[in-house]
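Subject: Structure for you to look at

Hello,

Here is the structure I promised to pass on. Please open it and keep it in view while you read my notes below.

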Amino acid sequence: MHNQKETLRKKIIQQRNLLSKAQVDQAEKEIAATFWGNHTQEVAVLHTYIPINNEASTLLIIQKALSLGWTVVVPKTLPKRQLKHLVLSDLSQLKEGKFGTLLPSEEIEYKGEINYVLVPGVGFSEEKGRMGYGGGYYDTFLSEYPNAIKIGIGYDFQVIPKLPIEEHDVPMDRLIIAKL
């Protein structure tokens, strides 16, 4: 199972690395339109990743959420598969963190309830299963927030019919998949 997952991860990430800026931008618009088409704009708390390495982009969702007065929270990786949740108030005030991730330059920790989590993944299944990067960070975090609505974000080539899923892999509540 482990080797199968690793091979699949490499293949999908290679494919993602080949996407053009135009493809990433088009997908970003589609993902944002789908998200806002399915959610009221009542103020909420949104936990999201800031995309790197051609990950399906959440930036338009973040911009609109901030403009609506939502609390936007982003993860910082810590040792032992833990995430620290930081308040993001401005996309122009970022610094680089571990693994090339982007973080708010001022670290204000958020400890409250979370309504929505936009979850990055390498692969997803049609049954809303998720395969991450192999670190276990999101599986640990998501199991601590059972009431949050977990939304997997990706591209169509990341949806794998027979995705190798393990017991600890936390399923998504919904997927938003951009067609390329």
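Let me start with the pocket. Bear in mind that this is a predicted model. The largest pocket is lined by 30 residues. Arg130, Tyr133, Gly135, Tyr137 and Tyr138 are the ones nearest its centre. Which of them gives the largest share? That is helix 1, with 4 residues. The volume of the largest pocket is about 650 Å³.

**Aromatic pairs**

Next, look at the rings. A pair of aromatic rings is described by two things, the distance of the centres and the angle of the planes. The count here comes to 8 aromatic pairs. Take phenylalanine 35 and tryptophan 36. Their ring centres are 4.9 Å apart and their planes stand at 90 degrees, so this pair is edge-to-face. Phenylalanine 35 and tryptophan 36 are both buried. Now take tyrosine 138 and phenylalanine 141. Here the ring centres are 5.9 Å apart and the planes are at 65 degrees. Planes over 60 degrees apart count as edge-to-face, so tyrosine 138 and phenylalanine 141 form an edge-to-face pair too. Where do these two sit in the chain? Both belong to helix 4, and they are 3 residues apart, so about one helical turn separates them. Tyrosine 138 and phenylalanine 141 are buried as well. Tyr138 also belongs to the group of residues nearest the centre of the largest pocket. One more thing to find: ring pairs link Phe35, Trp36, Trp70 and Tyr116 into a cluster.

Follow the pairing from strand 1. Strand 1 (residues 45-48) runs parallel to strand 6 (residues 116-119), and 3 bridges join them. One partner to check is leucine 118 in strand 6, which bridges to threonine 48. Strand 6 then pairs with strand 9 in the parallel sense, over 4 bridges. There, valine 117 stands opposite lysine 150 in strand 9. How many bridges join strand 9 to strand 10? The count is 5, and these strands run parallel. Glycine 154 stands opposite isoleucine 177 in strand 10.

Is strand 9 enclosed or open to the outside? Of its 7 residues, 6 are buried, so strand 9 is largely enclosed by the rest of the structure.

**Loops**

A few loop residues deserve a look. Aspartate 156 lies in the loop between strand 9 (149-155) and strand 10. Its relative accessibility is 29%, so aspartate 156 counts as partly exposed. Aspartate 156 and leucine 180 are 24 residues apart along the chain, and their C-alpha atoms are separated by 6.6 Å.

Two lysines come next. Lysine 80 is in the loop between strand 2 and strand 3. Its phi is positive, about 60 degrees, although lysine 80 is not a glycine. Is lysine 80 buried or exposed? At 76% relative accessibility, lysine 80 counts as exposed. Lysine 128 is in the loop between strand 7 (123-124) and strand 8 (130-131). Lysine 128 also has a positive phi, near 75 degrees, and is a residue other than glycine. With a relative accessible area of 33%, lysine 128 is partly exposed.

Last, serine 92. It sits in the loop between strand 3 and strand 4 (94-96). Serine 92 counts as exposed, at 55% relative accessibility. Between serine 92 and serine 67 there are 14 Å in space, C-alpha to C-alpha, and the two are 25 residues apart in sequence.

Best wishes

Notes
Residues numbered from 1 in each chain as written. Predicted model: local features only at pLDDT ≥ 70, side-chain atom pairs only at ≥ 80, totals over all residues. Heavy atoms only, no water. Pairing = 2+ DSSP bridges. 1 Å grid on protein atoms, 1.4 Å probe; cavity = no way out; pocket = protein on both sides within 12 Å on 5 of 7 lines; lining within 4 Å. Points joined across faces, edges and corners; volume = space filled by probe spheres on them. Phe/Tyr/Trp six-rings, centres within 6.5 Å; stacked < 30°, edge-to-face > 60°. Buried < 20%, exposed > 50% of the residue type's maximum accessible area, 1.4 Å probe, protein only.
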